[in-house]
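Hello,

Please find the structure below. My notes come after it.

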Amino acid sequence: MHVSLTVNGQRAVTDVEPRTLLVHLLREELGLTGTHVGCDTSYCGACTVILDGKTVKSCTMLAVQAQGAEVTTIEGLAANGDLHPVQEGFWERHGLQCGFCTPGMIMSAVGLLSENGSPSEGEIRHGLEGNLCRCTGYHNIVRAVEYAAAKMRGEEPPAPEWEEGSA
Amino acid sequence: MGGGFGVSTTSVLGGVVKRREDPALIRGTGLYVDDLQLPGMLHVAFVRSPYAHARVVSVDASDAEAMDGVRAVYTAADVAHLGDLVTQVAVGKLRPLLAGDKVNHLGEAVAMVVADSRYGARDAADAVDVEYDPLDPVIDLKEAASDAALVHEDMESNVLLAWEGGPWGDEEAIAATQQTIADAKGRDDTVSVSIEAVNQRLLPMPMEPRSVVADWNVGYGRFTVHSSTQIAHALAGGIAQTFGLSLTDVRCIAPEVGGGFGCKLNVYNDEILVCFASQQLGRPVKFTETRRDAAGSTIHGRGWVATATITGTADGQILGYELDGIADMGAYSQNFTVAIPFLGLFVGAGQYTFPTHWKVACVHTHTMTTDAYRGAGRPEAAYYLERAIDAFAREIGVDPAEVRRKNFIPADSFPGAATHIGFPMDTGDYETNLDALLETAGYEDLKAERDRLRAEGRLVGLGLATYVEVCGFGPSALVDLGFSWAAYKIPSGFSGSGLVRVQADGTASVIIGTGPTGQGHQTTWAQIVSNQLGIPVENIRVSHGDTAESPLGIGTFGSRSAAVDGSATYEAANKVRAKAADLAAHLLEASADDIVFADGGAHVAGSPDQQVSWSDIATLAYQPHRLPEGMEGGLEAHAVFSPGNATWPFGSHLALVEVDGDTGDVKLLRYIAMDDCGNVINPMIVDGQIHGGLAQGIGQAMFEDGDYEADGNLLKWSFVEYPLPTSADLPSFELHRTVTPTDINPLGVKGIGEAGTIGSAQTVVNAVVDALSPLGVTHVDMPLRPKRVWAAIQAAKTNGSVS
């Protein structure tokens, strides 16, 4: 089937099997491998992208359902090459280890902050509940989102937790 | 600063450096195996057994083979000449590459389908018609240990061996220890407390499913294999061994690996089988697990039942500890399998002095293989020991901290302290660590707060546990205990290596034999080299995971990489430094002894204004005609490090929980950890390792359950049935540390990858049992999901222990 959509500002037109999942269109047809597949059951959130302004799990959506949509993937998040504050927060606050869940986690955090610019720790934790991470225990993911939220509000981010004497 | 580092030219050891690997990962440009698309690449799907135990009557692949885009369907007969899966510790039944006339666990691969597309391969797998004759499975561990029915009809017993100590291997001494404990039990001033507990099976579940791409080049006669493995060198050796090739004919590359936690510390049958298919079909072949594949066919962890008994006096002096257990090996032995409980035996008596008799039998069942999962044997050992001590403390009414303190190996026993099996320990100061936790946490205040809330009728509990871990493996002499890795063409897997090369522009390339699965090696190793050479971290690039370029190293597991391969890299950097001093001395017309490395270059002591840069030094190294007589060109060094011992980190953890008496829901309110992993290279990374380790230990305590049903079914096919902790389930963790450097490696580091997991499950369970103790509850098996906790509350109420 014919499908046309906009991905990271670029028009993409391709033919796919009707059953092709959006995530496989992104990864295998368009070569955007930053969006990952972690579970096949829409539970882990590694495949999260932003579609028409809302976060969606691209492993649970057919490519043809994205007909005409505007999709942003992790590769499209850094505007003009500058890191998005959420990406910066993940780097600054050690919000990732193996990095596999990270693109989806970052996209979900972007979605969360677009709805609530000043989330409490509890709101961050509930907001990211649909994205699993096996490495970080979420501790530093929460710190990363707090960092990004402050930056996006134009405020100084909370100080890091690192101990005295850090280089 | 972490303190204790010898040579230091800058302050990058012990300090936070932002991770060098992150820019690619946060932009989505990191390469994981499944991202790879090679020209002409084919895809694999497996036909897997829906039964735990059955005869395979027939496999009819004719419909599948007739489908468009299907290139081949292979069954056991096609790969029989390759033998069983190459296995390091070859005790027990080894895994056939594909099941032949019998399947022995749910999810065992019966046939492999190769097709043009990912979807096409799965369609064809569904079209393969396998006729089974189901048999009764052996699932229950006690039943398996009784040999009432055999898992493998050609074996005499389901019991492969029992690990017993200590001291280990000395039967007379073991008997004497048993007598000592029996005598203690016979005294009328002692109390014995037993806990029978399940340490349930867990599914490792890294977020990246395993993936492998094999590409046989018939012209070169060589495999190039990308795999999401923790052990690229062992995989290369295992493939070489299986196909009768030399190590130069197999190149394995582990690019970004999305978590491993031990489950990627195995050579898998699918890795061998895609190589076979690529060789047969002359095309690159990819297999990527579905999550369902990962649940049923990637190794599992834990899976023990045991009874733990503490005997001691009313004042808290423990006179004996006994553990009698059975550990589930699954149907087939893979890489470590039977060796996992052996790791538990090392720390069976923890950091305590009391006589210990520890025995765990390893049995086959009709389930997936168990092997290394974060902690691997040590969490199980610590769980039983610390649950039993807690129960004993409760029974005699002495504070659990006091009981532990009374029985610790004293700090002044080091050097010279040894475990209950007679294995020497490096350094330790357990009482200082415990006291630091209690003081930092405000233990007395927490107890008072718990008692106040308890008086209001709330089920609040405080749980304490301490641990000692053995890791940083280890002496290459472990080869003499049977851990040779020879099956993977690696004569000893327990040394580490590093190669440091200063390039002509003054930047450094560091190539290491180990490789990370998220631990930040590119950053930590850059810090180690930067510290020795004074080259800024941003000018150092660390490579790993490509067996064609990296020196032999076995991989990241057992919290060993920094201690072993990090130390090797430290020594390689020192060799480079020594040569660079000669080169700088030549440039500055001075003696090498007077050269000081600072500010990204070198100068003569006392003359910092006359500085030569690393580029100047390296340029000379690569212009051999300018070198002094007798000096070789180039500026690089390789070092191998084999530590004289493993390392022994330790710590103390405290959890505060509240249980909802109406629903059984457990809320983890606070988690406070005081860990000691020796020197700390990057506190940010070390804390991150503890966070993740805690989440996995807490996951076992509260959520995760990989046990099979009695009929051998595994109803854990997705994250719905196998819930990992989510962000909403966990609190922020409160981390602290004491620093007791090890003396067995030059960095003084012990390892931190597994400590959080080893210390945490029993801490949470102790807290929940404490919360329920006013009702008379003395034990609840993990995971502490609401239904189970609620049932325990109801049972206690029915028994009429307390209102």
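This is a predicted model: local features need pLDDT of at least 70, side-chain atom pairs count only at pLDDT 80 or more; totals for chains, interfaces and linings use all residues.

**The A–B contact**

Chain A puts 57 residues into the contact, and chain B puts in 62 residues. Together the two chains bury about 5000 Å². Of that area, 54% lies on carbon and sulfur atoms.

Six salt bridges run between chain A and chain B. One of them pairs the side chains of Glu92(A) and Lys18(B), at 2.8 Å from N to O.

On the side of chain A that touches chain B, five helices each supply at least two residues: α1 (22-29), α2 (85-92), α3 (102-115), α4 (121-127) and α5 (139-152). The largest share, four residues, comes from α2(A). By type, this side of chain A has 23 nonpolar, 20 polar and 14 charged residues.

**Helix α8 of chain B**

This helix covers residues 269-281, 13 residues in total. From first C-alpha to last it reaches 18 Å, close to the 18 Å expected at 1.5 Å a residue.

The buried residues run from Asn269(B), Asp270(B) and Glu271(B) through Ile272(B), Leu273(B), Val274(B), Cys275(B), Phe276(B) and Ala277(B) to Ser278(B). Just after the helix, Gly282(B) takes a positive phi of about 70°.

Best regards

Definitions and conventions
Residues are numbered from 1 along each chain as its sequence is written. Chains are lettered from A and ligands numbered from 1 in the order in which they are written. Side-chain values use heavy atoms; hydrogens and water are left out. Contact means heavy atoms within 4.5 Å. Buried area is the accessible area (1.4 Å probe) that two parts lose on being put together, summed over both. A salt bridge is a side-chain nitrogen of Lys or Arg within 4 Å of a carboxyl oxygen of Asp or Glu. Ala, Val, Leu, Ile, Met, Phe, Trp, Tyr, Cys and Pro count as nonpolar, Asp, Glu, Lys and Arg as charged, and the others, Gly among them, as polar. The expected span of a helix is 1.5 Å times one less than its number of residues. Buried means under 20% relative accessible area, exposed over 50%, partly exposed in between (1.4 Å probe, protein chains only).
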